[in-house]
Amino acid sequence: MAFGIKRAELECWKREVEAGNIAFLTHYWIDERFPGCSTVTKVGCCDLEKLKIWGRQYGLQPEWLDLRGNYPHFDLFGDRQKSILKAENLLEQVERLEKK
């Protein structure tokens, strides 16, 4: 279950993914398979090779890609989410939600 994002943020992420850019979207997320994780970052790009290359630099495996629908992406959460967002200068995406 996803929540805590505005429609405009989601639409912007979708446009960036469709344009072949690496795009980040962080939102609240509840999934009982991942206790203790309350946010997820979706890192998407319609150019699968570009997305795989981006993921390799952070140790993400191609088989971890979510290929359902029109927006291929990696799901990042927990410590890996924070370390990657920090490396990408985007840590404020998750910090903004943690402050609420």
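Biologist: How many helices and strands does the protein chain have?

Modeller: This is a predicted model. The totals for the protein chain are four helices and four strands.

Biologist: What radius of gyration does the protein chain have, and why does it agree with a compact globule?

Modeller: The C-alpha trace spans about 35 × 30 × 25 Å along its principal axes. For 100 residues, a compact globule would have a radius of gyration near 13 Å, so the value for the protein chain agrees with that rule: 13 Å.

Biologist: Which share of the 100 residues is buried?

Modeller: A residue is called buried when its relative accessible area is under 20%. The protein chain exposes about 6300 Å², and carbon and sulfur atoms supply 51% of that area. Of the 100 residues, the buried share is 37%.

Biologist: How far apart are the mean positions of the positive and negative charges?

Modeller: The protein chain carries 16 positive and 16 negative charges. The distance between their mean positions is 3 Å.

Biologist: Is Thr 41 buried or exposed?

Modeller: Thr 41 sits in strand β3, residues 39–44. Beyond its neighbours within four places in sequence, its contacts include Phe 24, Leu 25, Phe 74, Leu 76, Leu 85 and Gln 93. Its relative accessible area is 0%, so Thr 41 counts as buried.

Biologist: Which side chain makes a polar contact with the side chain of Thr 41?

Modeller: Thr 26 is among the residues in contact with Thr 41. The two side chains make a polar contact of 2.6 Å, and the partner is Thr 26.

Biologist: Which side chain is joined to that of Lys 42 by a polar contact?

Modeller: Lys 42 is also in strand β3. At 19% relative accessibility it counts as buried. The polar contact is 3.4 Å, and the partner side chain belongs to His 73.

Biologist: Where is Asp 66, and which side chain does it join in a polar contact?

Modeller: Asp 66 lies in the loop between α2 (48–56) and β4 (73–76). With a relative accessible area of 10%, it is buried. Leaving aside neighbours within four places, Asp 66 is in contact with Tyr 71, Pro 72, His 73 and Asp 75. Its side chain has a polar contact of 2.5 Å with that of Arg 68.

Biologist: How far apart in space are Leu 60 and Leu 76, C-alpha to C-alpha?

Modeller: Leu 60 is in the loop between α2 and β4, and it is buried at a relative accessible area of 4%. Its contacts outside four places in sequence are Trp 54, Gly 55, Phe 74, Leu 76, Arg 80 and Ile 84. Leu 60 and Leu 76 are 16 residues apart in sequence, and their C-alpha distance is 9.5 Å.

Biologist: Which residues is Cys 37 in contact with, leaving aside its neighbours within four places in sequence?

Modeller: Cys 37 is in the loop between β2 (23–29) and β3. At 19% relative accessibility, Cys 37 counts as buried. Cys 37 and Glu 63 are 21 Å apart, C-alpha to C-alpha. The residues in contact with Cys 37 are Trp 29, Phe 77 and Gly 78.

Biologist: What is the C-alpha separation of Arg 7 and Leu 51?

Modeller: Arg 7 is found in helix α1, residues 7–18. Its relative accessibility is 66%, so it counts as exposed. Arg 7 and Leu 51 are 44 residues apart along the chain, and their C-alpha atoms are separated by 24 Å.

Biologist: What phi does Asn 89 have?

Modeller: Asn 89 is placed in the loop between α3 (78–87) and α4 (92–99). At 66% relative accessibility, Asn 89 counts as exposed. Although Asn 89 is not a glycine, its phi is positive, at about 60°.

How values were computed: Residues are numbered from 1 along each chain as its sequence is written. This is a predicted model: local features need pLDDT of at least 70, side-chain atom pairs count only at pLDDT 80 or more; totals for chains, interfaces and linings use all residues. Side-chain values use heavy atoms; hydrogens and water are left out. Helices (H or I, at least four residues) and strands (E, at least two) are DSSP runs, numbered from the N terminus. The radius of gyration is taken over C-alpha atoms; the globule rule is 2.2 Å times the number of residues to the power 0.38. Buried means under 20% relative accessible area, exposed over 50%, partly exposed in between (1.4 Å probe, protein chains only). Accessible areas come from the Shrake-Rupley method with a 1.4 Å probe; for residues, only the protein chains shown count as cover. Lys and Arg count as positive and Asp and Glu as negative; His and the chain ends are not counted. The place of a charge is taken as NZ of Lys, CZ of Arg, CG of Asp or CD of Glu. A polar contact is a pair of N or O atoms within 3.5 Å; within protein, one must be able to donate a hydrogen and the other to accept it, and residues adjacent in sequence count only if both atoms are side-chain atoms. Contact means heavy atoms within 4.5 Å.
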